[in-house]
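Here is a short briefing to read beside the model. Please keep the sequence and the 3D view open as you go through the points.

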Amino acid sequence: MDNMNQKFNGEPHSYTRFNLTQNMEGDNSQVEMKLSSDMDEEVGGNGTAEHLNHNSNRKPYVAQKLGRTPKNLCFMAAATLLIFIIGYLIGYLVHRKKDIAQPTCTNSVIAPAPPFVDERGSAPVLDWDDVKKLLNEKLSTSNFETVFSEFSSSNHQAGSPGDEDLANKVHRKFKEYGMKTWTDEHFVKVQVLQGTNKVTFKGQMMETQGFLSYSASGPVAGGVLYAYFGREGDFSDLRNKNINMSGRVVLVKAGMISFAEKVANAAKVNASAVLIYADPDDYSIGETTALYGHVHMGSGDPYTPGFPSFNHTQFPPVESSGLPKIVAQTITSQMATNIIRQLQGPEAPSRWGSLSRLGSEDDVITVEVNNVLVERKINNVFGVIKGYVDADRYVVIGAQRDAWGAGFAKSTVGTSILMELARSISQMVENDGFKPRRSIVFASWSGGEYGSIGATEWLEGYLSSLSMKAFSYIDLDGAVTGRRAFKVSASPLMYTLIDGALNEVTAPNTAATLFAQYGKNNWESFLLENMKQESAAYPFLAFSGIPSLSFRFSNGNLDYQYFGTNLDTREKLNIATSNEVPQLAQTAAQFAGQIALRLVHDYILRLDVQKYDKIIRTKVAQINRKVADVQRLQPQLWPKALTMQWLMSAYGSYSRASRNLESDKKNSDLEDVEMCRIINDRIMMVERNLLSPYVSPYESPFRHIFLGSGSHTVAALLNHLDALKTQNPEADANQFHNQFALFTWTLQGCANSLAGNIWSLDNEI
């Protein structure tokens, strides 16, 4: 009884206490009852109740004590019995009356209560091989043909009626699949072309149809200067030839880097304007095909940098630091050829191709840009398959919905893969017994053509929640643009996942895996590429610190030549893929789907924290070598108190923490839900803690110290060391000291977090 009292968190009752004792010799149990309050007065001076003493005077004593004769006792017993019988009859009649008053059903059967499901327990899961098999069975080329037709549109620019129609289709489909759905509305500012922009060269005025959103406005004049692809190295080549670049109108080819990067590089050398064209040697799109794009060096709405563009918010009027201050415009290859033929000036480097002259300051050209800034409402559409254990932890799979024109490769294929994955996985959960431990969020973004606006605004709006709960993002944009090559860009945490999928997914129309077909026995060397800033995966990774992945089937290193044109149609993609678009889309869905399912299937997140160990070690070694060069060549510039010991110690801390985590994973009880959750939280915090806490998201939104951009990155540190080594006037030893300290402590903070509890650090800082 004492145990029961404890179970119900109560005190022992004062009425009756039972003590059950078992006779060690096997006798029957004895029950000893004590009436606590009523019998206290019977306790003698020695603490023993006299009425329990065994003696010959017991009965007379009791009768005397109660003040009753045997006759009176018989009378009282009879009266008590009569009262008991009367009470019993009354109770019986009342109970029967209640039974009669209740409706009866002679054939009714009371259904047993459903079994209680403890959602904190381990989810019943299928074997991984069964999960893969189910996914492959659900995805088919015939289904993709149907979805392609359903989500194709000739006009669906961001915020247009066509974009809204597609959003409604996505929303309806998510509901049909039985998912919880919702939308995310934003009011964003974009530039649009009203009328025409103009280029005038040597008396000839040429009207343009394409345009670059977020360009500066107004007419600008200057001497033409050809700068190849407009990369930093290309401008360095021009600087080495002692060419004046200030005030020049730079003419560059499309490709290699984004339009925004080309314009940013030109602005660094004080150019006044940039003209971009598609070289016929690289792009077979015709002489008069117009190009469209944007030149914001960043992502999201540049007029709400770091903030969400919700309608009810009232942020101060600010602009992104990535907005260009110079004019930018696209021209057709026919216009570019006409300009290049008439250029004078110095000869171009031989490796730049057949171009003979770079242009002179006398080759004056006028560029007139009259883009108009407008506000548009865009909608992101979401559906979720909830997990059975950690429902508040989720992987996000997303695809861009809008496009400049038809955008078949840019948006239709990705949206179709998204919808087929949503359908297939929903059916696996509903019909086939698959129970993901964690949730899967499917996202259809708008505003992608203007710089991943929809995705970035969602991240900005819910960053504090997403950074703690979203553990990966998989981007489907541009997943199929060719068939001869396969490229991947991702957080190092996802490399092990990628390796597994490459070795398990079969390449189209062959029995070989993707790894065997494209990997050449070393996929990191042959398939891995840097993540592009225009990818929706980039803000997830570099702005939010969420491990992210994008991939594509392609025909080479250059972007798909029809992106940003009105020629991005099914017919053009059929040519680029030898009519294998459905097969390639099916394989892309299997690749993305297996990675997503692995992330929600396993007890421990399959994100490999030790992959960063190698990267950190490589970067620390590079910094160490460059520091030694500066100390040897420019000792007067090096702060005497600054050594490499602090940075090496930070690397050592991360290395130890990553190894200890792997040990914890191997030794953990996978049935212990709380332990798995703690380990997974440590894994999730790695990417987030590689975001520098010392820079403003407003001024430097991409805060990742390895994969971001800005003075806080390891790339900036290495460049600063090069500048110190050559005594570049822009180099500042004190500024480098500050950069070095902040970088080091960001890395140390990541290591501390990875170690787990504060008592796990053990003075290893």
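Ser489 stands opposite Ser550, a residue of strand E18. This is a predicted model, in which local features need pLDDT of at least 70, side-chain atom pairs count only at pLDDT 80 or more, and totals for chains, interfaces and linings use all residues. Residues are numbered from 1 along each chain as its sequence is written, and side-chain values use heavy atoms, with hydrogens and water left out.

**Strand E18 and its partners**

- Six bridges join strand E17 (residues 485–490) to E18, and the two run antiparallel; strands count as paired if DSSP finds at least two bridges between them.
- Strand E16 (residues 470–475) pairs with E18 in the parallel sense, over three bridges, and Ile474 has Leu549 of E18 as its bridge partner.
- Strands (E, at least two residues) and helices (H or I, at least four) are DSSP runs, numbered from the N terminus.
- Seven of the seven residues of E18 (residues 548–554) are buried, so the strand is largely enclosed by the rest of the structure.
- Buried means under 20% relative accessible area, exposed over 50%, and partly exposed in between (1.4 Å probe, protein chains only).
- Ser548, Ser550, Arg552 and Ser554 point one way from E18, while Leu549, Phe551 and Phe553 point the other way.

**Where helices H13 and H18 pack**

- H13 (residues 495–504) and H18 (residues 581–601) pack at an angle of about 130°, their axes 9 Å apart.
- That angle makes H13 oblique to H18; angles under 35 degrees count as roughly parallel, over 145 as roughly antiparallel, 65 to 115 as roughly perpendicular and the rest as oblique.
- Axes here are lines fitted to C-alpha atoms, for helices over the stretch in contact, and angles run from 0 to 180 degrees between N-to-C directions.
- From H13, Leu497, Ile498, Ala501, Leu502 and Glu504 meet Phe591, Gln594, Ile595, Arg598 and Leu599 of H18, where contact means heavy atoms within 4.5 Å.

**Loop residues to look at**

- Most residues other than glycine have a negative phi.
- Tyr228 is not a glycine, yet has a positive phi of about 55°; Tyr228 lies in the loop between strand E7 (218–226) and helix H7 (232–240) and is buried, at 14% relative accessible area.
- Ser578 also has a positive phi of about 55°, and sits in the loop between helix H17 (570–577) and H18, partly exposed at 44%.
- Asp281, in the loop between strands E9 (273–277) and E10 (292–294), is exposed, with a relative accessible area of 66%.
- Asp281 and Gly353 are 72 residues apart in sequence and 9.7 Å apart in space, C-alpha to C-alpha.
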